[in-house]
Amino acid sequence: MADFADVTHDVVSLLSSPQRDFLLRNNGDQIKIDSLKGKQLGLYFSASWCGPCRRFSPTLVEVYNEVAPKGDFEVIFVTADEDDESFSSYFSKMPWLAIPFSDSETRSRLEELFHVRGIPHLALLDGTGKVVTEDGVDIISEFGVEGYPFTSTRIQELRDQEEESRRNQSVRTLLVSRSPSRDFVISPDGKKILVSELEGKTVGLYFCMNLYGSCSDFTPRLVEVYNKLKAKGENFEVVLISLEEDEESFKEGFESAPWLSLPFKDKICGKLARFFELSTLPTLVIIGPDGKTLHPNVAEAIEDHGIDAYPFTPEKFAELDGIMKAKEASQTLESILVSGDQDYVIGKDGVKIPVSELKGKVVLLYFSAHWCPPCRAFLPKLIDAYHKIKAKQNALEVVFISSDKDQASFDAFFAGMPWLALPFGDSRKKFLSRKFRVSGIPMLVAIGSSGQTLTKEARDLVSLYGADAYPFTEERIKEIEAEQEETVKGWPEKVTNETHEHELALTRRRIYFCDGCNKEGHAWSYYCGECDFDLHPKCALEDKDDAKEEDKSKDGWVCDGEVCTKKA
């Protein structure tokens, strides 16, 4: 946590203006700023148009509703909305106070004072007005109400407790709650099962959320494995750690399950997500009979190997790794694209093309969908590279593997492509998505002329090198990189530029957006690692005053999914 020990504010002068000595509630009531003296405060910089803000606000509401009744904590909303209607609509869902929308001068002053470069942003002050932290979003997200009063001492205490829990981990330390007291998990019929009954078993902690399609796809596979292990008398149990936001969804996902669960919205769920550094769903953490973590996530192993992945030990995974390597070594195009009588792909008008006709070619498997903006943005680059490669009589084909939601969308998107496809709804898509770990689209997998996988990063290669990336082998990429090394000979290793305060170093960067001209750049950048600042070599080495002035005239924000940031 950053140290702000020397920064203290007078609350009244901080939040008031010459024309205003009050804050607002969402019902229009005016609350005198003077009444906040001695309270801990959270200054919440947020906006209705900001997706990350909308995701964080319910978490802050939950914490506020538990802490505020103590009488010594308050939150003040500082909006970045652009009109009063948006502000009012968003504020109507908040139980705390706000700076009036009309007082833009105070809002701007607070943004500058608390270094707001992105939202959501939460600055926390203690009862004397001293800034405790400007990392309130991270603290609330990580520790919730347990972090109160959000001081560095309290946060360190919680981290020490977690470290102690890691050293002395057991099923009980993971699943039993002290406040409120709970020493049981529940079965689908509502029975309470003591956590002590799980001791000595191999336990899978199943982190899941039904709205994630990957969870819905994985759960039946886990049910199958679970039932087989139970039938064999294995000492194995699964405990659902549901991340559902509403109880109806929780019940829908749990009532038909054969395993146990933590109660809905149990506080331990969030703590376990932090404890195991949850980063993807589904996740199935395996706890061994000794209560220690045996594996952080066996979901993929169960997808690939089913019951054969049990008992999830390092020895078992070494055995499975050997099996997978043998399979990869014997991989052919038919082994990944043929399933039973599904031995074809389709061209225009649904014409069936036997997979055997693609043998000997480099085949790009293009996972994409019409509804996906990045897919639509990448498609012209891929089409351009495809035509250029084919024009040189190179043996290449692309197979579109659709994630579209209906036949009409598939047809409309495929109509603009010059290559082949799997039919819409083809069952091979699920197998290929699992095999190549497709977690996001667009994704482009290159299969070599021998049927071996060349790379799962072919999208980046096309974006970087276009048609020159063909045939997508490691040797070809090394050739391109060597050619690029030649192009920068004679360029200065470091430069200064009036658009940035720090020295910029010539750095290899795969893909970036230039902070000078706002255009995509590849291969080389003059880069400041401290500020994550890029300048395209042309912008760094040539006079770009006109471009700079054009950039200064732009205003607004950029959202990257985690935070919305002001344009420089």
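This is a predicted model: local features need pLDDT of at least 70, side-chain atom pairs count only at pLDDT 80 or more; totals for chains, interfaces and linings use all residues.

Modeller: Residues are numbered from 1 along each chain as its sequence is written, and side-chain values use heavy atoms, with hydrogens and water left out.

Biologist: Why are strand 26 and strand 27 called paired?

Modeller: Two strands pair if DSSP finds at least two bridges between them, and strand 26 (residues 500–513) and strand 27 (residues 520–528) are joined in the antiparallel sense over 8 bridges, so the term applies. Strands themselves are DSSP runs of E with at least two residues, and helices are runs of H or I with at least four, numbered from the N terminus.

Biologist: What makes strand 25 and strand 28 the edge strands?

Modeller: The open antiparallel sheet has 4 strands in the order 25-26-27-28, and strand 25 (494–497) and strand 28 (533–535) each pair on one side only.

Biologist: How do you know that strand 3 is mostly covered?

Modeller: Buried means under 20% relative accessible area, with exposed over 50% and partly exposed in between (1.4 Å probe, protein chains only), and 7 of the 7 residues of strand 3 (residues 40–46) are buried. Gln40, Gly42, Tyr44 and Ser46 point one way, whereas Leu41, Leu43 and Phe45 point the other way. In a regular strand the side chains alternate between the two faces of the sheet. Strand 3 also runs parallel to strand 4 (residues 73–79), to which 7 bridges join it, and tyrosine 44 stands opposite phenylalanine 77 there.

Biologist: What describes the packing of helix 14 and helix 17?

Modeller: Their axes, which are lines fitted to C-alpha atoms over the stretch in contact, with angles from 0 to 180 degrees between N-to-C directions, lie 10 Å apart at an angle of about 65 degrees. Contact means heavy atoms within 4.5 Å, and it is made by Pro374, Phe378, Lys381, Leu382 and Ala385 of helix 14 with Arg459, Val462 and Ser463 of helix 17.
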